[in-house]
Amino acid sequence: MIDAQAVRTWLEDKGVKGCSACKGEELQVSKDLYALVCINRTTGGPDMQRGSRVVRLRCGHCGHLMLFHARQMGLE
Ligand SMILES: [Zn+2]
């Protein structure tokens, strides 16, 4: 489970404020990490060996999704 307050503190430290689409201020932090996986060029299917773990932020106003790299945020 992700520490939403730690994420909010990290975002604040980096100067990330609100939704990048509508400028709304209600950002919801995902409870779990998500996987951003590469597509294998040969098979066209997901390549589970390559990808990133990400935190998902969802704007409570417009639904815009933002992804942040979990390792860079110190979450893995
Ligand atoms: Zn928005």
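Predicted model: local features only at pLDDT ≥ 70, side-chain atom pairs only at ≥ 80, totals over all residues.
Two strands are taken to pair if DSSP finds at least two bridges between them. Strands S2 and S3 form a hairpin with 6 residues between them, and within the turn Gly44 has a positive phi of about 80°. S2, covering residues 34–39, runs antiparallel to S3 and is joined to it by 6 bridges; Tyr34 stands opposite Val54 of S3.

S3 also takes part in a hairpin with S4, here with 5 residues between the strands. In this hairpin it is Gly63 that takes a positive phi, near 85°. The two strands run antiparallel and share 5 bridges, and Val55 has Phe68 in S4 as its bridge partner. S1 pairs with S3 as well: 3 bridges join these antiparallel strands, with Val29 placed opposite Leu57.

Helix H1 spans residues 4–14, and its buried residues are Val7, Trp10 and Leu11. These residues lie on the same side of H1, because they cover an arc of only 100° around the axis. Gln5, Glu12 and Asp13, in contrast, are exposed on the other side of the helix.

At the start of H1, the backbone nitrogen of Gln5 has a side-chain oxygen of Asp3 within 3.1 Å. After H1 comes Gly15, with a positive phi near 80°.

Definitions and conventions: Residues numbered from 1 in each chain as written. Heavy atoms only, no water. Buried < 20%, exposed > 50% of the residue type's maximum accessible area, 1.4 Å probe, protein only. Helix = DSSP H or I, 4+ residues; strand = E, 2+ residues; numbered from the N terminus. Arc of directions from axis to C-beta. Polar contact = N/O pair within 3.5 Å; in protein donor to acceptor, adjacent residues only side chain to side chain.
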